[in-house]
Amino acid sequence: MKTAFIYTDEFARFDYGSGHPLKPFRLKLTYELIKACRLLAPSDPRLVEPTPARIDDLLNYHSREYIDILRKANSGDYVEGAEAFGLGPGDNPIFPGMFDWSSLVAGASLKAADLVDSNEAQVAFNIAGGLHHAHASRASGFCYINDPVLAIKSLVKRGRRVAYIDIDAHHGDGVQEAFYNTDKVLTISTHETGRALFPGSGFEHEIGEGAGKGYSVNIPLPPETDDELFTYAFTEVVPHLVIAFKPDVVVSQLGVDTFHGDPLAHLNITTNGFCSAVKMIKSLAPKWVALGGGGYDIANVARAWTLAWAIMNDTDAPDKIPEAFLRQYPGAGFQSRDLRDQPVVMDEKMKKSMKAEVDRVIGYIKENLLKKI
Ligand SMILES: [Zn+2]
């Protein structure tokens with residue numbers, strides 16, 4: 001299988017500001033761990049350097065006035081009227097190189113789409129991508145440019161059917177919104193329920209409108225959901241839908257803020273549940289554009305995406321993180337030398353009520369969506 005890893009050290013040069021949870025450095029940490037595990041070498045032909053997206057590419061989804069504001073704010077200085085576009089102190093700060101960062105990430109996802117569409121790769125992984133909250137004219141949830149939407153649109157333009165599978169802890173609201181009225185793109189998002197977590201949407205009854213009715217699928221999960229429950233929900237719903245839809249390409253957002261201990265969400269997924277979902281996505285994808293996503297414990301990010309890259313290449317990652325790597329990044333927060341986690345053990349009584357809630361959601365989806373596609 002031909003795979004591509006879209007990466008440049010340039011990603012890590014950007015900084016949302018001290019105290020902001022999204023650390024572009026996690027991308028370099030991931031790349032370095034992948035190299036340390038001997039899953040990639042600097043001279044490897046699978047390593048592909050991205051180039052920034054062109055303005056015209058960005059305008060395939062985003063409004064011109066929004067792109068103009070982002071470009072003006074690239075200096076890092078306040079721009080008059082920026083608040084109306086979701087920019088300012090807080091989630092979506094104006095930082096030096098903000099536009100350069102966003103267009104480089106988008107360019108990397110577009111490169112991934114090009115590589116799989118031209119058959120140069122069957123799988124292309126852009127760990128910087130998956131910025132799924134950005135809207136057409138507004139930054140949201142640390143996301144300025146919606147690279148999954150741009151990648152999917154570039155494929156749809158070429159006549160491809162695209163299934164989007166988003167396993168981030170947060171609802172993939174920006175991507176759902178972009179394709180809510182079309183049957184050309186199936187969007188599926190598993191996430192912690194909007195009752196407990198940003199952006200407060202992604203309920204099971206959000207199923208699309210017009211021609212898109214039945215092509216927007218949401219699987220909200222209760223807080224504390226563990227590997228077993230997540231895998232159960234995913235298996236009951238996702239394969240049926242994707243197989244029935246018959247996509248040419250699967251685009252996936254592989255956020256790892258679902259992990260136990262993530263500072264921004266409240267789920268209990270580990271490398272076990274994550275890897276089982278990644279394997280299922282692999283088996284469902286004729287071609288696969290894999291994107292990163294959330295993940296605010298940078299050691300978890302590096303471990304999870306290293307394991308995902310191994311799965312994409314049909315190879316085994318080692319059990320232990322190389323000592324030399326840990327010595328090189330002592331402040332990264334690795335809890336042990338183990339690359340994989342032990343499952344989180346949950347209280348049975350609590351789990352029973354969580355399972356009842358998940359069964360209710362699955363029942364709704366089976367009743368209202370599975371028959372429609
Ligand atoms: Zn997230």
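Close-up 1. Asp319 counts as exposed at 55% relative accessibility, where exposed means over 50% relative accessible area, buried under 20%, and partly exposed in between, calculated with a 1.4 Å probe on protein chains only. This is a predicted model, in which local features need pLDDT of at least 70 and side-chain atom pairs count only at pLDDT 80 or more, whereas totals for chains, interfaces and linings use all residues. Residues are numbered from 1 along each chain as its sequence is written, and side-chain values use heavy atoms, with hydrogens and water left out. Asp319 forms a salt bridge with Arg340, their closest N and O atoms being 3.1 Å apart; the term salt bridge denotes a side-chain nitrogen of Lys or Arg within 4 Å of a carboxyl oxygen of Asp or Glu. The pair links distant parts of the chain, 21 residues apart, with Arg340 in the loop between helix 10 (323–328) and helix 11 (348–368) and Asp319 in the loop between helix 9 (298–312) and helix 10. Helices are DSSP runs (H or I, at least four residues) numbered from the N terminus. Arg340, at 33% relative accessibility, counts as partly exposed.

Close-up 2. Arg360 counts as partly exposed at 39% relative accessibility, and Glu357 is partly exposed with a relative accessible area of 26%.

**Close-up 3. A network of salt bridges.** Asp9, Lys28, Glu32 and Lys35 are linked through salt bridges into a network. By the distance rule, the count comes to 21 salt bridges.

Close-up 4. The zinc ion is coordinated by Asp168 (OD), His170 (ND1) and Asp257 (OD), at 1.9 to 2.0 Å. Donors are N, O and S atoms within 2.8 Å of the metal (3.2 Å for Na, K and Ca), and since water is not among the atoms, sites may look incomplete. In sequence, the donor residues follow the spacing D-x1-H-x86-D. Asp168 counts as buried at 1% relative accessibility, and His170 is buried with a relative accessible area of 6%.

Conventions:
Helix = DSSP H or I, 4+ residues; strand = E, 2+ residues; numbered from the N terminus.
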